[in-house]
Each structure stands twice: as C-alpha cells, then as structure tokens.
Amino acid sequence: MFLRSSLNAAIKPVGFRFGKFAPVSVRLGGSFLNSDDNGSAKATISSASSSSQVTKAKAKSDEAEEEKKFLPDFNTSVDVVSHSLGVSKAQKARKLRRKLLKENQVKGSLIDDTLKTMETDETFKLTAARLKEWGQENLTRKERKHRNRALGDMGVKSFNSFLDEHGVPHIGRTQTEVFQINVGLYCNQACSHCHVESSPRKKKEQMDHATAERCIELIKASPTVTTVDITGGAPELNDEFRYLATEARALGKNVIDRCNLTVLTEPGQEDLVDFLADNKIHVVASLPCYGPQNVDMQRGNGVFERSIVGLLKLNERGYGVEGSDLTLDLVYNPIGPFLPPEQTALEAKYKQELADAYGIQFNSLFTITNMPIKRFADFLHRRGELKDYMELLVRNFNPSACETAMCTNYISVDYNGKIYDCDFNQQLAMSLKNEHKSSLSIFDIDSTDDIMEKKNLDVEPLFWLRQWDGF
C-alpha cells in the first residue's frame with residue numbers, strides 16, 4: 001500500500017477495472033509492478049511482456065494506418081469548441097450578387113448608345129449604304145453567291161452531293177417537336193456577328209397579333225410539338241412576346257426565351273424577370289465571353305456590364321441556382337473566324353470565372369459556330385476571309401451530327417408567318433414552298449403534320465454541323 005501510494009505520481013496505469021478492486025499492472029521503466037487482492041506487491045522485470053506490448057502497439061498502429069486508407073478525411077480536430085459551420089458557398093455567392101446589384105444600378109436604355117454606334121461605325125455605315133442601294137433581297141442573293149463561289153472553289157457542288165461523297169444518308173424531316181417563332185428584328189443591340197441583322201432601327205419588322213394568334217392555333221393543333229422557342233431581335237421587346245409565352249405555357253409547352261440579357265435592364269422591363277419566373281420560361285442567354293473586352297467588342301459598349309446585371313437579377317429570382325426548377329443556359333459563339341472551344345471544358349471555365357468574380361450561377365453552356373451570313377458574312381468578305389472560313393467549316397464537318405440537326409424536327413416562323421426549316425434558312429430567305437412554289441405560310445396549313453413531306457435541306461448551313469455543338 002505504501003509502495004503504491006508513494007509511487008503514485010510516477011506510475012502510469014495500464015489497466016483498470018470498475019467494481020471490485022482487481023489486480024492491475026503499472027509500468028515503471030521496463031518493469032511491471034503487480035498488485036494482488038491482499039495489497040501485496042512485487043516488481044518483476046519481464047522482457048517477454050515488454051516485447052508483447054511493443055508488438056501489440058505496432059499492430060494497433062498498423063491497424064490505424066489501414067483505416068486511414070478507407071477514411072482519408074478522418075482528421076477532424078478534437079478541439080470541438082472551435083468547430084463552426086461558417087458561411088456556405090451559396091450564401092457567399094448570394095451576398096456577392098446582392099452587393100454587385102446594389103453597386104451596379106444601370107440607368108437608361110442601351111438603345112441610345114447602340115444608335116450612336118451605328119451612326120459613327122464605318123462597318124454599319126457601309127452596310128446601311130449597301131442596303132439602301134441594293135435592297136435586302138438583292139443583298140441576300142449576292143451573299144449566297146459569294147458563299148456558293150467559295151464552296152465551288154473547294155469542289156463542293158451541294159450539301160447532298162457532299163453527303164453522297166462521304167457515304168452519309170440524306171437528311172429527312174421527322175415530326176415537328178420545336179415550333180420556333182421569330183417575333184421580329186427589333187433589338188436594343190446591334191451585334192457584329194448577328195446573322196439576323198437586328199438593331200433598334202428595325203421597328204417595322206415585327207409580328208402582329210393576328211400572326212401570333214395563328215401560331216398558337218397551330219401549336220394547339222400539333223400534339224407532337226413540345227417546345228415553343230421564341231427569338232428575335234430582342235423578343236421581349238415585341239408586344240406579342242408575353243401573349244405567346246403565356247398561351248404556350250397554358251398549353252403545357254416548354255417555352256424558351258432567347259434572351260440577350262441587356263433587355264432585362266431596359267426601361268419598361270422592370271417586371272420581366274418576374275414574368276419569366278412566374279411562367280417558368282426557360283431562359284437561353286447569349287454571353288460570348290466571361291470578360292468585358294470581348295463582349296463589348298462584339299456586342300457594343302456597355303453590353304457586358306448590363307449582361308452581368310441581367311444575370312444577377314435572374315440568379316436572385318432563382319434562375320440557374322442549385323435546387324431551383326428555373327433553367328438558365330448560356331450560349332457562346334466565337335468573336336472571329338474560328339471554331340469554338342470544346343464545350344464541356346468551356347462550360348467549366350465559364351462557371352468558375354463567373355462564380356469567382358460575380359457569384360453568378362447557371363445550368364449549362366452551349367457553343368455554336370458563327371454562320372457566314374448577314375453581318376458576319378459581310379465582315380468575312382471585307383477581310384478577304386470568307387473562303388478560308390468556308391474551308392474551315394467544311395474541313396471540320398461532322399456527318400454524325402446530321403442526325404440531330406435542328407432542321408429535322410424544327411419549323412421556324414418569321415414575323416410575317418412564313419415557314420422555314422430553321423432560323424438560318426430563314427435568314428437566307430429559303431422558305432418552304434407550297435404547290436405553286438410560293439412561300440408556305442402558317443395560314444396555309446392546319447397543323448405541323450402538313451409539312452412532313454416538305455423539306456429544303458440542300459443548303460450550305462448544314463456544313464456548320466460539328467460534334468460538340470450542343471445547341
């Protein structure tokens with residue numbers, strides 16, 4: 001008892017049993033001190049016992065190391081009083097978005113700035129002069145002539161002959177699933193790459209209510225149509241946009257709004273984000289870069305800042321954020337005569353850059369190839385790069401993408417009600433024809449089934465098909 005008490009401070013217990021006092025062993029240097037029930041004690045030096053303890057300790061250490069292989073992150077500190085949940089990534093992003101929205105209250109309309117640019121920019125002045133001299137129809141014809149000459153120089157006679165040479169079946173129309181409506185060419189921007197040639201000057205080229213009503217009647221009579229795709233111009237600035245969107249949603253259709261983002265900052269559109277969200281409109285927004293220089297160069301001064309504000313507003317309403325059913329997709333197109341990057345890698349880069357800089361979130365990014373028509377075709381022709389760009393497109397044509405070409409299950413209706421295979425054919429003035437070889441109109445058919453046998457696919461836009469074009 002004396003020995004046990006006097007050595008109490010120097011002895012480290014190895015085992016202890018609650019209840020009746022039981023024999024325990026204590027270590028003192030390399031010896032073990034044993035105590036029996038009667039309190040007598042004796043010290044024995046046991047090298048065998050010491051060796052056994054070392055072996056057990058090593059085995060326990062090896063077992064712990066093995067556990068780490070299966071629990072690589074099992075490293076939580078025992079200092080639990082310091083544990084804290086902190087601020088989540090979603091909370092940080094939301095805080096940053098609200099701060100930026102407060103700091104970036106853009107005022108006025110972009111239209112005034114766009115018109116000033118069009119009045120002073122040499123490219124726009126040249127285009128306006130040519131349009132006045134030749135007229136839109138003749139300019140479109142000349143543009144097609146330039147492209148066909150470039151294809152002819154490459155030995156390409158037609159798209160179908162090109163498919164024949166590569167052993168690829170011709171493309172045929174399937175049932176119409178997407179009903180695209182171009183409500184007009186009026187826009188608050190005038191982008192250098194625009195294949196529609198929209199601008200604030202296009203006030204007359206807009207859909208009226210009778211044509212919009214007929215579109216809804218056809219959609220209702222066409223059960224295979226699942227999606228209504230509304231585009232422009234800036235479609236939201238057309239008086240019929242909200243009518244078309246709400247009526248199509250009432251029919252249970254998925255509705256896409258092709259949004260340029262800056263329209264969300266226009267005077268008179270203060271409730272537009274709420275309208276889109278309340279009707280669960282799928283927003284597909286153009287943003288050709290995650291930095292200001294390239295966006296403003298392609299789309300006009302101040303467009304990037306307004307685009308960011310538009311995205312912030314959409315995020316604040318729930319668009320594109322995790323757990324929301326409001327879908328926000330972005331679209332990238334190159335600023336010049338080259339192909340877009342690989343889509344998946346670019347989407348990851350966009351998400352990182354926009355989240356880090358602005359707290360912005362979105363669902364998916366789609367890359368598209370610039371079509372050498374309208375303003376972009378003029379740009380290439382003036383620089384002497386049209387043929388080179390056509391060669392680039394033909395060289396990178398992907399036959400397997402033909403199966404999902406939009407013209408197989410789309411119809412595209414212009415603001416006058418004429419019907420086309422797709423939006424690009426619409427800008428080439430290549431409409432579907434009736435039996436009199438006149439342009440087919442939505443007023444000529446009873447449902448989209450009536451155009452199943454009509455196709456106009458032997459045109460060069462299909463050379464732009466590439467494997468990673470997701471939209």
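Reader: How far apart are the closest N and O atoms in the salt bridge of Asp421 with Arg173?
Author: This is a predicted model, where local features need pLDDT of at least 70, side-chain atom pairs count only at pLDDT 80 or more, and totals for chains, interfaces and linings use all residues. Residues are numbered from 1 along each chain as its sequence is written, and side-chain values use heavy atoms, leaving out hydrogens and water. A salt bridge puts a side-chain nitrogen of Lys or Arg within 4 Å of a carboxyl oxygen of Asp or Glu. For Asp421 and Arg173, the closest N and O atoms are apart by 2.3 Å.

Reader: How many residues apart in sequence are the parts that Asp421 and Arg173 tie together?
Author: Helices (H or I, at least four residues) and strands (E, at least two) are DSSP runs, numbered from the N terminus. Asp421 lies in the loop between β12 (419-420) and α16 (423-427). Arg173 lies in the loop between α7 (159-165) and β5 (178-182), so the pair ties together parts whose separation in sequence is 248 residues.

Reader: Are Asp421 and Arg173 buried or exposed?
Author: The cut-offs use relative accessible area with a 1.4 Å probe and protein chains only: buried is under 20%, exposed over 50%, partly exposed in between. By that scale, both Asp421 and Arg173 are buried.

Reader: Which residue forms a salt bridge with Asp229?
Author: Asp229 counts as buried, at 0% relative accessibility. The closest N and O atoms of its salt bridge are 2.6 Å apart, and the partner is Arg258. The pair links distant parts of the chain, 29 residues apart: Asp229 is in strand β6 (residues 227-231), and in strand β7 sits Arg258.

Reader: What separates Glu217 and Arg214 in helix α8?
Author: Their side chains meet in a salt bridge, 2.9 Å from N to O. Glu217 is partly exposed at 43% relative accessibility, whereas Arg214 is buried at 16%. The two are three residues apart in helix α8 (residues 209-220), so what separates them is about one helical turn.

Reader: What is the phi of Leu261?
Author: Most residues other than glycine have a negative phi. Leu261 lies in the loop between β7 (254-259) and α10 (272-278). Leu261 is buried, with a relative accessible area of 0%. Its phi is positive, near 75°.

Reader: Where is Lys280, a residue with a positive phi although it is not a glycine?
Author: The phi of Lys280 is about 55°. Lys280 counts as partly exposed, at 41% relative accessibility. Its place is the loop between α10 and β8 (282-286).
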